[in-house]
Amino acid sequence: MAKTILEKRSAAVAEAQSIVESVKSAGDLDEGQSARLGELHTEIKGFDEHIARAKSDAAIVEQIKSMGKVEHEGTPRGGHAEVHAKTIGEHFIKSVGDRIASRDGGRFSVQGPEWTGAKAATDPQLTGGGDGAYADWLVDVDTNIQREKRERLVIADLLGTGTISGSSIKYFVEGDFEGDFETVGEGKKKPQVHVGDPTPVVDALTKIAAWVHLSDETLEDLPFLVSEINNRLIYKLGVEEEKQLLSGNGTGTNLLGLLNRSGVQSETADAAEDNADAIFRATTKIQNATDLTADGIVIHPLDYQEFRLSRDANGRYFGGGYFEGNAQPPLWGLSTVVSPVVERGKPLVGNFRQSSTLYRKGGLRIDTTNTDGDDFINNMVKTRVEERVALAVRQPLALVKVALTV
């Protein structure tokens, strides 16, 4: 029987503790113990993230069940009520929903941890009244909404994270090491080495944002606005963030993504049969060029499918059969992000967590107003969702672009 996540985590913790206990009597960690301890630490963090996502999913289910109830405890209107919310959308509604529904006017801002139709992107969305295009939607609201957090890993999950107080981050990329140490005789001249001057790099914050135009009639159905914020806006913002982190070209307001950083290594497969070996060689290149070990890979779904469905001479799947309970096992033990944002045949292997840092300033921000232009007299409301992020890559050599044979 396949182990549960909790069982796997417990086993990893036990093994790590065993290594630590052995060191108490044996002295410092040897190279093998150090490497294994690092692997176990990464595995345990991955288990913890999976467990946290599961808890978040359960909380969202409970929130949906009680979505019709909004409680402000112990404070009259006009005061500052204690607000309890499980999602950004619910937090927004519980904070300012009563003021929006009353049409008092004004601008509301909440600081938080696509609509698809036949109209143009610049058109407002209207209910159309009792017999309009969306009339049937007003009868009831389907609460089986898509979750704001995608189930699969995303590139941001691989990166180290940090906070930033200014508008940009400055850091230094280490220069080349010239010369080397040698054995020398007594009284003989020692060899000189030189560490190249570090190169200063500045990465500025960039803003990812969009807004939606809603009518007051739509706002009266407050649970719908909760799902609108959670589902469409936040999800689509995350999709754009992933594109920027991987392949942003650095021009204008774009981030300079991982693939476009100077110093990133490359590896090429000689034939389709060499694809898996090429990915492993990429991990070795990282070890040879840095003191880091590869911890992740970003790969296109069709490339991953080729690996996942490959079989040995006896027809057995290398990654396990379809009854073994793991539909997406990792490649070479790396945290595997399967995403269409990376080009097919060109996965990226790297030590993402230590070589690169994702900075967020202020978290996710949601602003709503009905005083923009003539929105007030037309009973319209605009809601804007945005975030500010910066990406720092301190060790480009810890990233390897792989060219597969497709």
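The model is a predicted one.

**Helix α7**

Helix α7 covers residues 275-289, which is 15 residues. From its first C-alpha to its last it reaches 21 Å, close to the 21 Å expected at 1.5 Å a residue. Six names make up its buried set: Asn275, Ala278, Ile279, Ala282, Thr283 and Ile286. Viewed down the axis of α7, the buried residues fall within an arc of 150°, so they line one face of the helix.

Asn275 belongs to helix α7. Is Asn275 buried or exposed? Asn275 has a relative accessible area of 10%, and buried means under 20%, so Asn275 counts as buried. Residues up to four places away in sequence aside, Asn275 touches Ala269, Phe307, Leu404 and Thr405.

**Nonpolar cores**

The largest nonpolar core has 31 residues. Ile155, Leu159, Leu245, Leu258 and Phe352 are those with the most contacts inside this core. Two or more residues each come from α4 (155-158), β7 (206-215), α6 (222-247), β12 (356-369) and β13 (380-393). Helix α6 gives the largest share, five residues.

Ile155 shows how such a residue is surrounded. Setting aside neighbours within four places in sequence, Ile155 is in contact with Glu242, Leu245, Leu246, Leu258, Val298, Val337 and Val341. Another core, of 19 residues, lies apart from the largest one. Among the residues of this other core are Ile286, Ile299, Leu331 and Val402. Ile286 is also one of the buried residues of α7.

**Aromatic pairs**

The count of aromatic pairs comes to three. In one of them, the rings of Tyr322 and Phe323 have their centres 5.2 Å apart and their planes at 65°. Planes over 60 degrees apart count as edge-to-face, so the pair of Tyr322 and Phe323 is edge-to-face. Both Tyr322 and Phe323 are exposed. Together with Tyr317, these two residues form one aromatic cluster.

Technical notes. Residues numbered from 1 in each chain as written. Predicted model: local features only at pLDDT ≥ 70, side-chain atom pairs only at ≥ 80, totals over all residues. Heavy atoms only, no water. Helix = DSSP H or I, 4+ residues; strand = E, 2+ residues; numbered from the N terminus. Expected span 1.5 Å × (residues − 1). Buried < 20%, exposed > 50% of the residue type's maximum accessible area, 1.4 Å probe, protein only. Arc of directions from axis to C-beta. Contact = heavy atoms within 4.5 Å. Phe/Tyr/Trp six-rings, centres within 6.5 Å; stacked < 30°, edge-to-face > 60°. Core = buried A, V, L, I, M, F, W, Y, C linked by side-chain atoms within 4.5 Å.
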